[in-house]
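Open the model in your viewer and keep the selection tool at hand. The stops below go one by one, each with something to select.

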Amino acid sequence: MPRLLLEIGVEEMPARFVLPALEQLEVGLRALLSEEGLRAGEIRTFGTPRRLVLTAQEVPDRQADAVREVRGPAVKVAYDAEGKPTRAALGFARSQGVAVDSLERRSTEAGEYVFARVRIPGRPTREVLRERLPRLITDLSFPKTMRWGTQELRYGRPIRWIVAMLDHEVIPFEVAGVRSGSTTRGHRILNPGPHALPHAAEYERVMEEARVVVDHRRRATQILEDVRRLAAEVGGQALVPTSLLEEVTFLVEHPTPFRGAFDPDFLGLPREILVTVMQHHQRYFPVEREGQLLPYFLAVRDGDEVGLEQVREGNEWVLRARLEDARFFYEEDRKVPLAARLEQLREMVFVERLGTVWDKVERLRGLAGWLAEHLRLSEEERTHLLRAAELCKADLATHVVGEFPELAGTVGGLYARLDGEPEAVAEAIAEHLRPRTAEDTPPRSWLGALLGIADRADTLAGCLGIGLAPTGSADPYGLRRAAGSLFEILSLHRVRIPLLALVRRALGGYPDLEDRLEEIWAFVLGRLRAWLLERGYPHDTVEAVLDASWSDVADLVDRVEALVRFRATPAFAALYEAFDRAHRILDPALLSGEEPVAEDQAEQDLLEAIRAVRPRVETCVSSSRYEAALVELSRLRDPVARFFDAVFVNDPDPQVRRRRHTLLGEVVRLVREIADLSRLAVAPGERKAE
């Protein structure tokens, strides 16, 4: 069966664009094939800075034939009294391209009609792809787009060539003035080409000859193995963050790692500064031994080993200049204590319309004091937290952070420690901006977590309050990330602060924006929902808990996890049956909110069951043992079933009806203290107790 090859050749694309584009390509092709009734074998993607590649094996050469049923005239119109086809039947058969004697008679709700079974021949796959592939290409989205020449298309980078083949045949189409063909390009320097492709299956071989390692997974493995080997040659280990390895992988087409060195005197600089210079600014991998940095770095060249010594010398020269700057800035910074830089914050704008960084520090101090009171911190903890809040932004006025913004917070903690501030203060300052990335870890210290909570709550309240909510993929102020980090810290450190109260208190730092609480809370809830789903919790479970009565993020996570576990037990079916029967018949208009009462025996039996279960449930809920509470609630299944068997809930007597609805309302209320089970998409097998 044919093999599909699609290569989109572009000018060098930023590394962060490539992998998301490849994921979109694969999802798009699978959807395309499904919509067109085509099945394929293995689908793979490859990517480099200059090409996005999609391959699919065992693609059918044409669509399968389909059969469509078309309803025609009524039988009494299609046939005369003798059963012979009328002009209506003949005309219908002719219009559908079938023989009149192949028409079928069928009874429908509207009466008896004739039907034609029309065979629709499948189209050649090449023709289908010719129509659909251009849209697959142009539908890709990128963090930033551009136009070029006279083209109207906006894309991550200009498209320079397109390869589209089904085995040896070209799939002809045009995108942005570029016609598809069977000619690709090689490495820009080592073997640019053009290179003819005789067959789609020959693509990887041709790329090897063109000096391009087109499979990014193979490039990453090659880079990792080589940098580890080069580090081991000097008795060290390479520091290889996943994000940096991915970035470097998508910066090169023919990777050649090499080792460089720098003056050991630079090791006198703090480790954080050295690592930041090498990783964030130069895309180098540092080398360490037993936790101590060595005077080496590992870099990756996009090319072969020809002239590698000159490349090494050039990179060493660049790094030396960077480190000289870093040392100068560090030494200048140390001439003044960190606290002495606070006044400079009065001249630094935090966000336009939200005041200066000094204003933010004042708000952080207020939030820190509120947290200390709410969480009943000791006097020492309160003092340290307030001092950390006061100093946490002072490093923004340092030379090092001015040159290396990634070190904000880290430098503040380092300088605070060198200035003799308490360790708890220095640690909180150093940690309060973590996690910065998906690889970063949240604050480990209690005070670092609280300062991080205050910082993010203030940023969210202020930025959302003035209408800077993210739109689409654009999030220039990192508010989605700030919200996710806030939830992560609250959950990890089990900070029992009502989330709404935290948002309201943070908004209190902006008196002019207090009327925006509803909009801000809607954004926070939306991000909280997204954060829970990103953690892998089922969508309906998340919705069930969010719609219940909850307070803080740690409590919310406890409830979600308890419900996930409980749904896997036989007791869940019992509880769901009781809740579902009560919920479906319940009329909220009949609920008074008063304590339920009972008169006849069936009502009394259910009320006694509720009163027996309620204190046990409340005890479990008060200690966050939600799974145990759900087990207790499942004991209401039989009392509820007997109640429905014994009485008519919607009794004609309004007093009786109200009394019985109030009883069932108490069952629903108790369950909703933990989760609203009506939001669950319950599988048929879950509805009945085993």
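Select K360 and show its contacts (heavy atoms within 4.5 Å): leaving out residues up to four places away in sequence, K360 touches F350, K393, D455, D458 and T459. K360 sits in helix α10, residues 357–374; helices here are DSSP runs of H or I with at least four residues, numbered from the N terminus. K360 is buried, at 3% relative accessible area, where buried means under 20% with a 1.4 Å probe and protein chains only.

The model is predicted, so local features need pLDDT of at least 70 and side-chain atom pairs pLDDT 80 or more, while totals for chains, interfaces and linings use all residues. Residues are numbered from 1 along each chain as its sequence is written, and side-chain values use heavy atoms, without hydrogens or water.

Next, select the cysteines. How many disulfides does the structure hold? It holds zero, a disulfide being a pair of cysteine sulfur atoms within 2.5 Å. For C392, the nearest cysteine sulfur is that of C463, 15 Å away. C392 is buried at 1% relative accessible area, and C620 also counts as buried, at 6%.

Last, go to the second largest pocket, with about 510 Å³ of space. Select R436, T437, A438, R481 and E534, the closest to its centre of the 16 residues that line this pocket. Then colour α16 (479–492) and α18 (517–534), each of which supplies at least two lining residues. The largest share, seven residues, comes from α16. A pocket is an open set of points on a 1 Å grid over the protein atoms alone, where a 1.4 Å probe fits, with protein on both sides within 12 Å along at least five of seven lines; lining residues have an atom within 4 Å of a point. The volume is the space filled by probe spheres set on the points, which are joined across faces, edges and corners.

Conventions. Buried < 20%, exposed > 50% of the residue type's maximum accessible area, 1.4 Å probe, protein only.
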